[in-house]
Amino acid sequence: MAANGADLPGPTDPAGWLTLPDVAERLDLSISKVHQMIRDRELIAVRRDGIRRVPADLVANRTVLKHLPGVLNLLADAGYDDEEALRWLYEEDSTLSGTPAVALGGDQAREVKRRAQALGF
């Protein structure tokens with residue numbers, strides 16, 4: 001059975017997603033540089049409706065959230081694939097300000113990074 005939108009990790013609102021060309025435009029980069037960032041785990045993209053998309057809140061103020069690449073690498077080191085990493089980033093956590101993805105944009109970013117690091121042990 002295929003998962004519907006509510007079952008998939010990430011923003012539930014379609015406006016919460018950016019296509020890769022949108023990311024390139026927002027960051028003022030070439031599309032090939034955006035692809036390289038995804039390969040290098042500086043950014044995460046998953047397929048939604050057959051199109052690779054990036055959660056918009058991970059790209060703020062014309063840059064990728066500062067601690068996102070480190071967290072993505074820690075999650076990959078812990079064996080998480082992109083969908084699992086996205087699920088972890090968007091899982092509600094009452095000890096953070098909502099989700100790890102939201103907390104990465106604020107003063108709890110180092111705590112999110114610490115928790116991602118702990119997953120590898």
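Reading from the N terminus, the elements of the protein chain run β-α-α-β-β-β-β-α-α-α-α, which gives six helices and five strands in the chain. Please keep in mind throughout that this is a predicted model. The radius of gyration of the protein chain is 14 Å, close to the 14 Å that the globule rule gives for 121 residues, so the chain is as compact as a globular protein of that length. Along its principal axes, the C-alpha trace spans about 35 × 35 × 25 Å.

Staying with the chain as a whole for a moment, 39% of its 121 residues count as buried, and the chain exposes about 6900 Å², of which carbon and sulfur atoms supply 49%. If we take the contacts between residues at least 6 apart in sequence, 57% of them join residues at least 24 apart.

Let me now turn to one pair of helices. Two packed helices are described by the angle between their axes and by the distance between those axes. Here, helix H1, which covers residues 20-27, packs against helix H2, residues 31-39, at an angle of about 105°, and their axes are 9 Å apart. Since angles of 65 to 115 degrees count as roughly perpendicular, H1 and H2 are therefore roughly perpendicular to each other.

Which residues make this contact? On the H1 side they are Leu20, Pro21, Val23, Ala24 and Leu27, and these meet Ile31, Val34, His35, Met37 and Ile38 in H2.

Most residues other than glycine have a negative phi. Asp28, however, which sits in the loop between H1 and H2, has a positive phi of about 55° although it is not a glycine. Is Asp28 buried or exposed? With a relative accessible area of 61%, Asp28 is exposed, the cut-off for that word being over 50%.

The second case is Arg41, which lies in the loop between H2 and strand E2, residues 46-48. Its phi is near 60°, again a positive value in a residue other than glycine. Arg41 is partly exposed, with a relative accessible area of 38%.

Methods. Residues numbered from 1 in each chain as written. Predicted model: local features only at pLDDT ≥ 70, side-chain atom pairs only at ≥ 80, totals over all residues. Heavy atoms only, no water. Axes fitted to C-alpha atoms, helices over the stretch in contact; angles between N-to-C directions. Helix = DSSP H or I, 4+ residues; strand = E, 2+ residues; numbered from the N terminus. Parallel < 35°, antiparallel > 145°, perpendicular 65-115°, else oblique. Contact = heavy atoms within 4.5 Å. Rg over C-alpha atoms; globule rule 2.2 N^0.38 Å. Buried < 20%, exposed > 50% of the residue type's maximum accessible area, 1.4 Å probe, protein only. Areas by Shrake-Rupley, 256 points an atom, 1.4 Å probe, with all protein chains shown as cover.
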